[in-house]
Amino acid sequence: MGTKPALRTELLFYLSFLAAAALLVGVATTVVATSMAPGWEYWMVMVLVALEVGIFLVFGRYLVARLVLRPLDRLMSTADAVADGDLNARAPDAETRDFATLAERLNRMTDHLLDAQSQLVRSEKLASVGRLAAGIAHEVGNPLGAIGTYVEVLRRRGAEPEVISGLTRELDRIDHIVRSLLAYARPQEEALDLVQPDEIVRGAFALLGAQGALKAVRATLDVGGAVPRVRARAHLLEQALVNLVLNAVDAAPGAAVVVGTRRWAYDPGRAAPRRAIDPALASFGRRPTRRPARVEFSAGAPGALFFVADGGPGVPPPDREKIFEPFFTTKLGLAIVARAVDEMGGVVWVDTAREGGAAFKMFFPEAPA
């Protein structure tokens, strides 16, 4: 856009051209009329002048329509579409710098409206699903306890051990689901702390390594330098990372899994920065996709980016918004991660990883000094 001419420059250029052309044509008209029609110079000049004025009017109208009216009409059409609720409408680029700047700012305003709407919908969805999850968990919890009592009675009456073992195992699975629902629905009211992202990532990585959870993959820790502190709950942030890493291990057995954090300037539509472990001349021609945002975020806001990337099958683009909803997959942990990150003031999304699989990312703004 910086190489485009300004509207005033274009208009002055064409007006100067028209003025010079009018002067030259006027002189040429006088000479032609005098040489071709002696005695009829006046009428000949009038006819030629009228013809030239008509040509200049047509050219001037085309010029004004091309440089002013058409770009303005496109901007107005986009603004009307946004006002009617179509937040996917975008103003096209323009020929001159002035209208291109207006189009860019209108699109930026639309993006902010889309972010605000998405955040509101996401918050309302999390709240409503949380209430539903709490209700389901409590309703299921009572008959679950009764079933457990009956299983214990059957065990004491000498029922087959294999049957009792199978019932107990399935009851434990249901109990785990119910506890996950309650954890998802439970609001976090404790205050946010100042946390150092690299310490959280190193702690989660060391915890999983000590438990042997990373033996099935080629796990790598990638921590950038000068990562700013953020406001979060350290145990929830570590739990979110552990959930994401365990999901990556399940999705990519034997493949690479990269866990890391780095300083990052938030931008909803720009690709992630180079990792510390990337080769010096490596390039990743990935089309940037729009990311979730919050109204309090601005493009270029500094903060910390957490990421867990794997070499598994990845997540199809149509499912990337839905994957954080409860029961969309069998992994309720993703919904718990999304709710925790949202409550702590961050955003979470999934991209295509450089390893070919999924790259789950969380961004938190830098904490004020």
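**Salt bridges in a predicted model**

Arg-263 and Glu-366 form a salt bridge, and their closest N and O atoms are 3.6 Å apart. Arg-263 belongs to strand S4 (residues 256-266), while Glu-366 sits in the segment after strand S7 (358-365), so this pair ties together parts that are 103 residues apart in sequence. Arg-263 is partly exposed, at a relative accessible area of 41%, and Glu-366 is also partly exposed, at 33%. Please keep in mind that this is a predicted model.

I turn now to the pair Asp-351 and Lys-361. Their side chains meet in a salt bridge at 3.3 Å, N to O. Asp-351 lies in strand S6 (residues 347-352) and Lys-361 in strand S7, so the pair ties together parts that are ten residues apart in sequence. Are these residues, Asp-351 and Lys-361, buried or exposed? Asp-351 has a relative accessible area of 5%, and Lys-361 likewise has 5%. Both count as buried because that term applies under 20%.

Some salt bridges share partners: Glu-152, Arg-155 and Arg-156 are joined in this way into one network.

The next pair lies within a helix. Glu-170 forms a salt bridge with Arg-173, with 3.2 Å between the closest N and O atoms. Both residues are in helix H4 (residues 161-185), three residues apart, which is about one turn of the helix. Glu-170 is partly exposed, at 34% relative accessibility, whereas Arg-173 is exposed, with a relative accessible area of 53%.

How many salt bridges does a search of the whole structure find? The search finds nine, among them the pairs Arg-263 with Glu-366, Asp-351 with Lys-361, and Glu-170 with Arg-173.

Terms used:
Residues are numbered from 1 along each chain as its sequence is written. This is a predicted model: local features need pLDDT of at least 70, side-chain atom pairs count only at pLDDT 80 or more; totals for chains, interfaces and linings use all residues. Side-chain values use heavy atoms; hydrogens and water are left out. A salt bridge is a side-chain nitrogen of Lys or Arg within 4 Å of a carboxyl oxygen of Asp or Glu. Helices (H or I, at least four residues) and strands (E, at least two) are DSSP runs, numbered from the N terminus. Buried means under 20% relative accessible area, exposed over 50%, partly exposed in between (1.4 Å probe, protein chains only).
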